[in-house]
Amino acid sequence: MAETWEVLTLRGLASTDERAQEFTGTLVIHRVGSTEPVESIQVSIKRSVLTELYENLGRLLARSIGVTRRKG
């Protein structure tokens with residue numbers, strides 16, 4: 001059976017310049033049901049993945065009850 005992890009946050013996501021195609025940061029996760037401490041993992045994320053997440057999360061939040069999307 002696969003392990004289940006909870007994503008707590010993504011810290012310090014940054015790039016070297018505004019045209020960067022890859023960003024680095026720290027993914028903070030915790031194994032669901034575990035008493036072990038939180039894990040921090042260095043990650044690199046491509047711009048295309050961030051764009052896809054942005055679009056998908058925007059649609060998900062727009063459909064969620066009680067959540068409004070900010071304009072601007």
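## Close-ups of a predicted model

**View 1. Valine 38 sits in the loop between β2 and β3.** Strands here are DSSP runs of E with at least two residues, helices are runs of H or I with at least four residues, and both are numbered from the N terminus. This is a predicted model, where local features need pLDDT of at least 70 and side-chain atom pairs count only at pLDDT 80 or more, while totals for chains, interfaces and linings use all residues. Residues are numbered from 1 along each chain as its sequence is written, and side-chain values use heavy atoms, with hydrogens and water left out. Leaving aside residues up to four places away in sequence, valine 38 touches Leu8, Val28, Ile29 and His30 (contact means heavy atoms within 4.5 Å). Valine 38 has a relative accessible area of 42%, so it counts as partly exposed (buried is under 20%, exposed over 50%, partly exposed in between, with a 1.4 Å probe and protein chains only). Asparagine 56 is 18 residues from valine 38 in sequence, and their C-alpha atoms are 26 Å apart.

**View 2. Three strands make an open sheet in the order β1-β2-β3, with antiparallel pairing.** The edges are β1 (5-14) and β3 (39-46), each pairing on one side only. From one strand to the next, the twist averages 30° (axes are lines fitted to C-alpha atoms, for helices over the stretch in contact, and angles run from 0 to 180 degrees between N-to-C directions). Strands count as paired if DSSP finds at least two bridges between them. β1 is joined to β2 by 7 bridges, and 8 bridges link β2 (residues 22-31) to β3.

View 3. Leucine 53 lies in α1, and with 42% relative accessibility it counts as partly exposed. Val49, Leu53, Leu57 and Leu60 form a nonpolar patch on the surface, with about 330 Å² of accessible area together. Patches take residues with over 30% relative accessible area and no salt bridge, joining like charges within 9 Å and nonpolar side chains (Val, Leu, Ile, Met, Phe, Trp, Tyr) within 5 Å. The areas come from the Shrake-Rupley method with a 1.4 Å probe, and for residues only the protein chains shown count as cover.

**View 4. Lysine 46 and glutamate 22 meet in a salt bridge, 2.8 Å from N to O.** Lysine 46 is in β3 and glutamate 22 in β2, so the pair ties together parts 24 residues apart in sequence. Both residues are partly exposed: lysine 46 at 46%, glutamate 22 at 38%. The rule asks for a side-chain nitrogen of Lys or Arg within 4 Å of a carboxyl oxygen of Asp or Glu, and it gives 4 salt bridges.

**View 5. Glutamate 36 pairs with arginine 31 in another salt bridge, their closest N and O atoms 3.6 Å apart.** Salt bridges with shared partners join Glu3, Arg31 and Glu36 into one network. Arginine 31 is partly exposed at 25%, and glutamate 36 is partly exposed at 44%.
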